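Please keep the structure open while reading.

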Amino acid sequence: MRTLDPAQFARRSFVYRRLVGHGAVFADMGGGVVAEHFGAAEAEAVSATRLGLADLSPLPRIGFKGRGALAWLSGQGVRGLAEDNRADRQTDGTRAARLAPTEALILSDLTATSRIFERLTTTWRLETASQCYLLPRGDSHYWLHISGEHAAAMFAKLCGVDLRPDRFAAGAIAQTSIARSNAIVIRSDQGSTLGFDLLGDSASADYMWGCLLDAMAEFGGRPVGRAALMRLADGASR
Amino acid sequence: MKRAPFRLPAQIGERIDRSRTVSFSFEGRTYDGLAGDTIASALASHGVRVLSRSFKYHRPRGALTMAGQDANTLVQLTEEPNVLADTTPITGGLEVRGQNYSGSLAWDRDAWLNAVGRFLPVGFYYKAFYKPLGAWRRWEPVIRARAGLGEVNLDTAHRYYDKAYGFSDVAVIGAGPAGLSAALEAARAGLDVLLVEENPVLGGSLTYARFDADGALGRQRLAELASAVRAESRITVMTGAVCQGLLTENWLPIIQGNRLHKVRARQVVLATGSVEQPVVFRNNDAPGVMQGSAAQRLIRHYGVRPGRRAVVVTGNADGYGVALDLLDAGIEVAGILDLRATPPHEERTDAVRARNVAIYPRYAPWEARRSARGILKGLSAAPIVGHGKCEPADVRLECDLLCMSIGYAPTAQLLHYAGGSVVYDRAAATFAIKSAPAGVIPAGSLDGAYDLETAIADGRRAGMQAAAGLGAPSRGEPPAVRGKNASGWNHPWPIFPHPRGKDFVDFDEDLQVKDIRNAIAEGYDHIELLKRFSTAGMGPSQGRHTALSLARITAEATGRELEIIGATTARPPYSAEKFGHLAGRGFEPVRLSAMHHRHLEAGAEMMPAGLWLRPAYYGPKDRREAAIREEVEAVRANVGLIDVSTLGGLDVRGPDAAEFLNRMYTFAYANQQVGRARYVLMCDQTGAIIDDGVACRFHDWHFYVTATTGGADRVYQTMLWHNAQWRLDVDITNATAAYAGVNLAGPRSREVLAKLATDVDLSAPAFPYMGVRMGTVAGIPARLLRVGFVGELGYEIHVPASAGEALWDALLWAGAPLGIKPFGVEAQRLLRLEKGHIIVGQDTDGETHPYMADMGWAIAKKKPFFVGARAIEAQMKRPLQRKLVGFTLVDPAEPPPEECHLVIREGAIVGRVTSAAFSPSLSRVIGLAFVPPEQTEPGARFSIKVAGGRMIEAQVVKPPFLDPNNARQEG
Amino acid sequence: MKIMPCPLNGPRNITEFACAGEVRVMPDPAAASDAAWADYVFMETNGAGIVREWWCHLPTSYWFIAERNTVTDEIVHTYPAGDVFSARRDFAPKPGGGA
């Protein structure tokens with residue numbers, strides 16, 4: 001894999017300097033570079049089953065808001081969205097999260113191969129999408145993934161919502177305060193490994209990264225790359 | 001170093017590791033203890049009994065409870081004062097000192113206070129130092145030096161403290177026989193249980209008390225219950241964990257180590273047990289006098305012999321269990337004083353009788369005799385003839401240990417915090433639970449189950465009740481528990497006042513029986529008033545050993561029933577807690593713009609702006625003034641670049657977008673053309689200005705509205721709140737973090753932008769002042785706003801946040817040949833002041849409406865409604881009180897006044913300066929100030945009182961100060 | 001710490017919320033006297049018993065209405081603002097006024 005310098009790209013992760021500092025090796029995911037691994041993908045996959053922190057900020061995501069948002073998305077073939085604060089996996093691997101009766105968020109999978117983001121962006125028009133308004137979630141929100149068996153215990157140091165796996169089911173969403181910063185937590189296991197997506201104010205990404213690393217220390221948590229998460233996800237499909 | 005003469009052979013269940021010696025020092029002398037010892041147990045193994053000096057009389061004090069429940073064991077560590085010696089483990093090299101003495105702990109120079117005790121009556125401080133005025137200020141240091149506790153070491157290293165949330169279906173507080181049983185029942189019903197135990201191991205009284213003649217029963221029950229609990233995966237055990245409160249909706253602060261756990265439980269079982277009560281008699285505070293349970297803890301937990309020759313004072317069978325433990329530990333029992341006339345037959349009592357110990361029925365301890373150093377050396381006992389009354393003492397016993405086992409009071413603090421209450425129960429002869437709030441279930445000896453099997457059954461009942469309360473599948477009816485609040489466990493009157501006093505009711509505060517009686521005689525006869533006036537129960541022990549005696553003495557002195565006297569209310573925290581626990585890890589969110597690191601690399605001095613950090617200026621602190629001036633000059637003469645990402649950005653979209661802005665802001669937006677920006681000014685419902693910015697119309701149905709850095713979130717929430725009531729067809733999105741923004745400003749800004757903007761026609765006719773465009777800059781999709789906060793030709797460029805740094809880099813690259821200069825907030829403040837633009841919150845306050853800010857021009861008067869309009873209209877029916885004007889100073893050599901310097905007329909305050917600075921462009925001081933309406937005409941003079949009380953003359957100038965025709969920004 | 005049952009997010013610690021006072025319907029600005037308007041802006045009923053209050057779940061900026069007993073501090077009932085404010089509100093144009 002070619003080593004890339006994120007600063008050579010117009011779009012940069014909100015924590016790319018942190019990633020560089022940890023020794024990340026980057027991969028171009030089309031429009032944004034992702035920390036693929038930090039030198040030892042194999043060992044990272046093991047770490048990721050215990051407690052890992054990955055930056056997925058450069059991966060595609062999009063939001064829609066308004067009284068007609070869910071109906072419009074349904075018309076675009078997005079499935080689920082039947083229940084507030086639940087994310088549903090789509091056939092193309094993306095996930096559609098209903099944040100409110102008037103708001104949805106669609107997240108890429110780790111491969112970022114789905115074309116839905118381009119399609120929705122080009123199809124959506126202010127005049128024709130009735131009461132449905134596009135939200136640039138790729139820029140308004142950072143996107144981190146916390147994986148591993150200690151993830152819920154780590155979150156308990158930062159967050160007042162009970163995220164234990166038997167109380168916070170797969171696909172469940174909590175919009176809450178993490179380390180006094182507003183964020184969206186989505187239970188999204190990679191294969192059989194417990195995992196949470198964490199999205200929040202992109203300007204607070206650096207702050208949140210620091211809080212997470214600090215909270216992870218006692219469990220031996222560490223940054224992991226996209227490759228480690230891919231291994232966890234593949235582990236389940238095999 | 002000495003061998004430990006009081007160490008016993010190995011005990012079953014002891015907490016010490018006999019293979020590991022740990023050396024520490026106390027009062028400068030080195031001692032060897034064993035791993036697992038507490039400071040007090042290790043010292044006791046060497047026969048060291050004096051741990052502290054009392055608060056008021058400086059009397060020597062030793063261990064009373066060995067359970068961390070009294071103030072006698074508070075000692076000083078190098079880095080920490082007021083540490084409980086009976087629960088704090090020893091570590092290698094630990095340096096321990098006594099507290100509250102002058103000279104040495106053994107020979108305290110302030111012990112003379114003991115002799116003058118009668119001159120220190122109850123309420124002494126209230127009475128003695130309240131006049132003359134200021135007397136307390138003189139006396140306080142003297143008194144504090146003699147009545148303080150430990151000393152804070154300001155050099156103590158910072159330690160890492162943090163907090164964690166916790167969640168459980170059922171929290172069980174206390175892991176004694178009742179708590180263990182309750183936890184098991186709840187877990188077996190399928191619930192998650194959190195079992196919280198203050199001690200390092202499970203078991204409570206099962207770990208030290210003696211329930212039968214041979215001591216097997218307690219060990220057997222402990223083994224059964226503890227192993228079942230450990231095997232139950234649904235039970236999470238926290239040992240060494242103190243539950244400090246029971247707050248609203250079962251919110252439990254639990255301290256374990258350096259972490260404060262904030263646990264939410266759906267049901268709480270309180271199995272906090274009971275505290276053994278002292279006997280009140282003369283010198284009952286002498287080191288060597290302790291609770292029976294304290295002696296048992298020393299023996300069982302630490303393998304330490306609590307003395308050589310003991311006397312037991314009792315009124316129940318448990319006292320005989322203590323005697324058996326003492327005998328088994330090889331301690332001579334000189335006698336048992338039983339407060340009862342005829343101790344009934346019972347297994348333990350009979351076992352003691354069989355071992356030929358002298359039993360003195362109906363005998364009370366009359367006076368503890370003390371050695372020259374104040375330590376117990378013997379006891380005079382007297383026959384009881386009535387309620388606390390004795391005949392002359394006729395028994396003298398030599399002893400160095402006196403164990404008190406006369407009864408219990410429930411550990412009801414947590415129950416109190418939750419709003420429950422206790423009342424005196426005549427049969428049980430102690431406090432009993434009167435009420436508990438919903439979701440809080442008391443069990444065990446807290447709830448009057450003093451017998452072991454009763455406590456276990458009661459714990460099971462409580463566990464089942466908790467499960468039923470959560471709708472868990474029933475495992476049968478909770479059993480009806482018999483035998484609670486039975487008589488025989490507590491003696492109703494273990495108080496034997498002595499004519500010469502020193503019969504302590506409260507050890508922490510050195511309060512004797514007469515102090516309490518005197519306070520009542522002075523009229524403080526309600527238990528809560530009595531507590532506050534006498535300070536009984538207000539020391540570190542928080543009344544654990546005092547409340548019951550206090551109630552009894554009050555009942556006797558007032559002739560009222562104990563049931564009516566009641567108990568004082570306990571308040572959290574349950575035990576002392578450190579600021580570190582309360583502070584925890586400390587989360588202070590910081591928001592950084594996409595260009596943040598570029599600012600740092602350029603040497604910016606950062607300043608907070610709301611949660612954001614913004615560059616104040618670029619350069620070292622000692623070049624501050626020069627740096628700001630150079631930045632201002634760059635913008636006026638050339639081109640500058642400022643990061644404005646922190647400004648709020650709101651997308652208002654939908655068919656009613658213009659109508660919505662019409663309602664939210666003072667101006668008119670319905671007819672605003674697409675591609676144009678218009679100033680926005682927001683008021684609250686009282687008409688006060690709360691925010692401003694510009695509204696950019698990109699589409700009939702789309703406005704992009706900016707807000708101030710600190711106001712964005714409030715503006716957003718206010719908009720949502722109003723539209724929740726208006727129901728307009730509009731969507732409001734807070735896009736602040738989604739966009740990074742810069743303001744490229746200066747006469748040569750167009751030149752710089754032209755190098756990068758490929759698809760926007762930048763010519764003045766095509767892109768005029770207050771025009772807005774969408775396009776690309778350096779290949780990045782951008783919203784371009786030709787607005788002029790700093791009064792020069794300039795462009796705000798807003799791009800997706802992830803591309804903010806790339807935009808910054810591109811603009812600096814494109815501007816480099818022209819000498820582009822980044823500028824900070826300080827330069828921007830000066831630049832805008834030259835243009836007379838207000839900063840909301842600096843040039844306005846909570847009472848400034850638009851006319852007061854001389855911004856009537858921003859109000860669209862024909863609109864049906866905007867937020868604040870009605871309030872402004874009402875206020876304008878009265879004459880204006882003040883008005884914001886521009887000013888300059890009459891004396892050009894005068895330095896600028898500061899913000900909030902007052903405008904004075906005829907000695908009265910009539911206004912204030914809101915902004916002022918020296919303008920390098922104009923070579924004079926300029927500013928904004930509130931002045932009376934009659935002084936607002938250009939040329940009018942007014943006086944400002946500056947630092948030091950000097951008055952300077954100012955003259956009204958109509959802003960803008962610079963370029964009044966706006967030729968620069970509109971060119 | 002109290003728990004607030006948010007109609008959107010379920011039960012949460014009350015620190016996630018802000019209270020914005022009693023729910024009061026804005027009088028008609030054209031018809032209301034200055035005194036009536038001042039009463040609307042500045043005064044609260046502050047009654048003992050069940051009151052209707054505006055609450056905002058801050059992480060989602062979600063406004064809703066809570067019925068709270070001010071005597072017992074019990075939150076009795078919470079529901080979306082639309083349950084009370086269900087129709088569009090318009091203001092009559094001023095005589096001779098434009099938009």
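## Residue classes and model

Ala, Val, Leu, Ile, Met, Phe, Trp, Tyr, Cys and Pro count here as nonpolar. Asp, Glu, Lys and Arg count as charged, and the others, Gly among them, as polar. The model is predicted.

## The largest cavity

A search of the whole structure turns up 9 cavities of 30 Å³ or more. The largest has a volume of about 300 Å³. Its lining holds 25 residues. Closest to the centre are A:Phe14 and A:Ser202 from chain A, with B:Leu592, B:Ser593 and B:Ala594 from chain B.

Which elements give two or more residues to this lining? In chain A they are α1 (16-21) and α7 (205-216). In chain B they are α17 (596-601) and β38 (739-745). The most comes from α1(A), with 3 residues. By class, the lining of the largest cavity splits into 12 nonpolar, 8 polar and 5 charged residues.

## The second largest cavity

The second largest cavity has a volume of about 150 Å³. It is lined by 15 residues. Those closest to its centre are B:Ala44, B:Val48, B:Arg49, B:Met290 and B:Leu298. The class count for this lining is 10 nonpolar, 3 polar and 2 charged.

## Helix pair α19(B) and α20(B)

Two packed helices are described by the angle between their axes and the distance between the axes. Take helix α19 (residues 657-664) and helix α20 (residues 712-726), both of chain B. Their axes come within 11 Å and cross at roughly 110°. Angles of 65 to 115 degrees count as roughly perpendicular, so α19(B) is roughly perpendicular to α20(B). The crossing of this pair is right-handed.

Which residues make the contact? On α19(B) they are B:Phe660, B:Arg663 and B:Met664. On α20(B) they are B:Thr718, B:Met719, B:His722, B:Asn723 and B:Trp726. This contact of α19(B) with α20(B) has 4 nonpolar, 3 polar and 1 charged residues.

## Helix pair α5(B) and α6(B)

Helix α5 (residues 177-188) packs against helix α6 (residues 216-231), again in chain B. The angle is about 35°, and the axes lie 10 Å apart. Is the crossing of α5(B) and α6(B) left-handed or right-handed? It is left-handed.

From α5(B), the contact uses B:Pro177, B:Leu180, B:Ser181, B:Leu184 and B:Arg188. From α6(B), it uses B:Leu225, B:Ala226, B:Ala228 and B:Val229. The contact of α5(B) with α6(B) divides into 7 nonpolar, 1 polar and 1 charged residues.

## Backbone exceptions

Most residues other than glycine have a negative phi, and most peptide bonds are trans.

B:Pro573 sits in the loop between α15 (562-565) and α16 (579-583) of chain B. B:Pro960 lies in the loop between β48 (951-957) and α25 (967-970) of chain B.

Where is B:Glu27 placed? It is in the loop between β1 (17-26) and β2 (29-35) of chain B.

Definitions and conventions. Residues are numbered from 1 along each chain as its sequence is written. Chains are lettered from A and ligands numbered from 1 in the order in which they are written. This is a predicted model: local features need pLDDT of at least 70, side-chain atom pairs count only at pLDDT 80 or more; totals for chains, interfaces and linings use all residues. Side-chain values use heavy atoms; hydrogens and water are left out. On a 1 Å grid over the protein atoms alone, a cavity is a set of points where a 1.4 Å probe fits but cannot get out, and a pocket is an open set with protein on both sides within 12 Å along at least five of seven lines; lining residues have an atom within 4 Å of a point. Grid points are joined across faces, edges and corners, and a volume is the space filled by probe spheres set on the points. Helices (H or I, at least four residues) and strands (E, at least two) are DSSP runs, numbered from the N terminus. Axes are lines fitted to C-alpha atoms, for helices over the stretch in contact, and angles run from 0 to 180 degrees between N-to-C directions. Angles under 35 degrees count as roughly parallel, over 145 as roughly antiparallel, 65 to 115 as roughly perpendicular and the rest as oblique. A crossing is left-handed if the near helix is turned anticlockwise from the far one by less than a right angle, and right-handed if clockwise. Contact means heavy atoms within 4.5 Å.
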